[in-house]
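Please view the sequence and the structure first.

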Amino acid sequence: KDLQRCSQQLGVAFRMPSRFPLNTLQPMRLLAGMPEAELPEASLRLFRAYWFDDMDISNPEVLAGLFGVAAAARAGDEAVKQKLKDDTEEAVRRGAFGAPTLFVGDEMFFGADRIALLKWWLANNR
């Protein structure tokens, strides 16, 4: 119920997926293997695929359909796996402890209930 309320407040499409929770290791690796400039759009595509279109984003074939075979295959590269480990260790070092944890520079905002605070901070501290 809380997720539905948050989606309504934020004006974000939402539908509870039929597979919940889901192993997100493959999609996280896929994102870790992408150029940084592509991450915002790719993250939104994954979000929509899972939370709105009810796709099994843990399935490599689904990821290949969304992002192409090459991007899905890169998720298995050792360098990409190591990048995800390094990124995770950095997030923990910076104080992340759950989702969503958002960083703007050194500033950390935790929780969906902090999105309004983050918007305010961005408007007043840039």
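Contact means heavy atoms within 4.5 Å. Helices (H or I, at least four residues) are DSSP runs, numbered from the N terminus. The model is predicted: local features need pLDDT of at least 70, side-chain atom pairs count only at pLDDT 80 or more, and totals for chains, interfaces and linings use all residues. Residues are numbered from 1 along each chain as its sequence is written, and side-chain values use heavy atoms, with hydrogens and water left out.

The buried residues of H4 pack against H2, helix H3 (39-51) and helix H5 (69-74). Buried means under 20% relative accessible area and exposed over 50%, with a 1.4 Å probe and protein chains only. The table sorts some residues of H4.

| Class | Residues of H4 |
|---|---|
| Buried (under 20%) | Val62, Leu63, Leu66, Phe67 |
| Exposed (over 50%) | Glu61, Gly65 |

Arg29 belongs to helix H2 (residues 25-32). Not counting residues up to four places away in sequence, Arg29 touches Ala75, Val80, Lys81 and Leu84.

Rings of Phe, Tyr and Trp (its six-membered ring) pair if their centres lie within 6.5 Å. There are 4 aromatic pairs by this rule, and one aromatic cluster is formed by Phe20, Tyr50 and Trp51.

Key
Helices (H or I, at least four residues) and strands (E, at least two) are DSSP runs, numbered from the N terminus. Rings of Phe, Tyr and Trp (its six-membered ring) pair if their centres lie within 6.5 Å; planes under 30 degrees apart count as stacked, over 60 as edge-to-face and the rest as tilted.
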